[in-house]
Amino acid sequence: MPIPRFAPVLMVMALVLGVVAPVGAAAIHHDLDVTLDPAAGTLEVSDRLRLPPGAREFRLAPELAVREASASGPSIASRPLPVRRDGDRLRLTVPDGASEVLVRYGGTLPAFAATTDRAAGAEGAFLPGLSGWLPSTGLEPPSWRLSVRVPAPFLAVATGRLVEETRGADSYRAVFEETRGVEEPSLFAGAWTVAERMHGTHRLRVYGHPEHAPLAEEYLDLTARSIDDYAARIGPYPFDGFSIVSVPPPVGLGFPGLTALGRAVLPLPFVRSQSLTHEILHNWWGNGVRVGEGGNWSEGLTTYLADHAAAQSRDPAAGRAMRLDWLRDYAALPSERDSRLSEFRVKSHDASQIVGYGKAALLFHMLRDEIGPEAFDAGLRGFWAGHALQDAGWGDLRKAFEEAAKRDLGGFFAQWLDRRGAPSLALADARADGDSVALTLRQEADPPYALSVPVEVETANGIERHRVRLDGREATATLRVAARPLAVAVDPGIDLFRRLAPGETATILRDVTLHPGTAVVLAAAEGEARTSAGTLAGRLLDGKAGKGAEGTTVPLLLVGTDGEVASALAARGLPPVPASLSGRGSARVWTIRSSERAPVLVVSGADAAALQALLRALPHYGRQSWLVFDGGKATDRGVWPVGDSPLRRVVGSP
């Protein structure tokens, strides 16, 4: 789940007594007094700003009107301050001698149906930082103190340290503060029940709805363990606590010391098995060390150290399966939509996620293999110690790992960061010769990548693991083994970022949904069913896909109701619904690949309601080859079987 990207941090940090402590002060300070009524959608704020003199420009949501602006200081009396407004831009000039600018503003926030940026309603309020709910420069991370009052039955929570709270019969008031230049405050409100635990000096909370109560203790346990584990591996946890907050939009967002999870998302099993630890780790990578110039490294590093590590700890096969998923995603990415990893900033569509998350995570996996686990962990600790609550880029990461490994890693990082594409491997030859195996590896890439290729030799006594350097187009190696060799496999554990060979991957939904030339056929009668089919097709294809005319050389997305889909398949000479899916659920989804045409994705629903029910869930299953749905729930799914890999060769008989 992505975290918001915020402004550069202009401060230096020191590690004192296990706590990250600033030695500098933020240039801008907000003292906010907030009155928020979520049900009415109203927000009224008094913001006392401390900022340097001179011309200033702020962003403020256009629905929020400035009621008053004034400046004051030790040498000047309070006086009105002219404010120029242009849409969401406020411009004012802080006079010399002024130590404080007061801006009072307020208005009615958008409803949740209209936006997921900032919103309020009967369900609560959702005001993430940099969404325009407070005057923002977008450049300098401020320090701040925030007092918020909401009417019963609502509670409020913000990022920062909880200083005080008062619960009355008719209202709730709380004060939060951040004395360091971390990022602008995010504010949320809801009719919650709070579960709390003190874990050492850290306040852990779950702001949940009634259905979340049975999960609260498990969430608190997982949060405490994760903070301890990551602190031991990386360095001190940088915030005063961690809150898990149920919010109306179906999101998963990380903020300093807080994660906002959609009310319907929070109970899902994958949140506990994977997503929550991902958001907690972002307090080190992304919210702790900020993403600076030169690309977003934090999503890949967090994915590798949280998501992949969780899968690997459950079962090494699960770790391999996750890496294979990343390569399947990349195999589905058309070359014209590929990009350099150094260009990735934030996930905006599936194509950017494939590079910014999957490729980046595999970069760190390869780096750990390259320099060894001890140097890798030392590099993480050094990176954190040197850049906590500062900007950092890929270059800073590289330097930290170079210091830990005591070697130059410029070539390694350059080939994975600054190039589009990936190498393709071929096992050109493999022969057994007594107690050794002679093999020849080739790669297709111009210029060639410098690779350390994992090779497994299956012997009469078990598997032996080796590494073969492939720095040019071809390399020949002789591997000595302790027992009679039977077979050779190249990168069977999926440890390299590369293009999968034929036989290593099956057709998945993303082979169709990512392609800019994909043609769309709506197989449904006019009316509600056709409207639902069209809406679903639009959701499946992101903005750069689905522009092609139908033909056998371009992928095809066929969406409709069962009878019309069957007729459309027959008219095109395509096979009907697979027998393994026929008659199951309210909707079936499957891919078709043949040697005669580009891949086909079929979505067949019983009626308009069955198609409508897929709108939210189906776009999240791009790595699957087939699915069965009952309403909006996927009851079964899978990937089609693959053939024999050309990267495995039998060299001897058992």
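This is a predicted model: local features need pLDDT of at least 70, side-chain atom pairs count only at pLDDT 80 or more; totals for chains, interfaces and linings use all residues.

Trainee: Why is Leu427 called buried?

Mentor: Buried means under 20% relative accessible area. Leu427 has a relative accessible area of 6%, so it is buried. This residue belongs to strand S25, residues 424-433.

Trainee: Which residues does Leu427 touch, not counting those up to four places away in sequence?

Mentor: Leu427 touches Leu439, Thr440, Leu441, Val488, Val490, Pro646, Leu647, Arg648 and Arg649. A contact requires heavy atoms within 4.5 Å.

Trainee: What makes one face of helix H10 the buried face?

Mentor: The buried residues of H10 are Ala529, Ser532, Ala533, Leu536, Ala537 and Leu540. Seen down the helix axis, they fall within an arc of 135 degrees, and therefore they line one face of H10. The face turned away from that side carries the exposed residues Glu528 and Thr531.

Trainee: What covers the buried residues of H10?

Mentor: The cover includes helices H9 (510-513) and H12 (608-612), together with strands S31 (519-523), S32 (556-561) and S34 (597-605).

Trainee: How do you know that the span of H10 is close to the expected one?

Mentor: The expected span is 1.5 Å times one less than the number of residues. For the 13 residues of H10 (528-540), 18 Å is expected, and the helix reaches 18 Å from its first C-alpha to its last.

Trainee: Which peptide bond is cis, with omega near 0 degrees?

Mentor: That bond runs from Asp446 to Pro447. Pro447 is placed in the loop between strand S26 (436-444) and strand S27 (451-459). A cis peptide bond also joins Ala152 and Pro153, where omega is about 10 degrees. Pro153 lies in the loop between strands S13 (143-151) and S14 (155-158).

Trainee: Why does Leu130 count as partly exposed, and why is Leu389 called buried?

Mentor: Leu130 has a relative accessibility of 28%, so it counts as partly exposed. Leu389, with a relative accessible area of 0%, is therefore buried. Leu130 is in the loop between strand S12 (124-127) and S13, whereas Leu389 is in the loop between helix H6 (373-387) and strand S24 (391-392).

Trainee: What is the phi of each of these two leucines?

Mentor: Leu130 has a positive phi of about 65 degrees, although it is not a glycine. Phi of Leu389 is likewise positive, near 55 degrees.

Trainee: What makes the pair of Phe412 and Phe413 edge-to-face?

Mentor: Ring centres must lie within 6.5 Å for a pair, and planes over 60 degrees apart count as edge-to-face. By this rule the count comes to 21 aromatic pairs. In the pair of Phe412 and Phe413, the distance is 5.5 Å centre to centre and the angle between the planes is 80 degrees; the pair is edge-to-face. Phe412 has a relative accessibility of 10% and counts as buried, as does Phe413 at 2%.

Trainee: Which residues form one aromatic cluster?

Mentor: Tyr230, Tyr237, Phe239 and Trp284 form one cluster.

Trainee: Where does Arg419 lie?

Mentor: Arg419 lies over the face of Tyr449, at 3.9 Å from the ring centre. The limit on that distance is 6 Å, and the direction must be within 35 degrees of the ring normal.

Conventions:
Residues are numbered from 1 along each chain as its sequence is written. Side-chain values use heavy atoms; hydrogens and water are left out. Helices (H or I, at least four residues) and strands (E, at least two) are DSSP runs, numbered from the N terminus. Buried means under 20% relative accessible area, exposed over 50%, partly exposed in between (1.4 Å probe, protein chains only). The arc is that of the directions from the helix axis to the C-beta atoms. Rings of Phe, Tyr and Trp (its six-membered ring) pair if their centres lie within 6.5 Å; planes under 30 degrees apart count as stacked, over 60 as edge-to-face and the rest as tilted.
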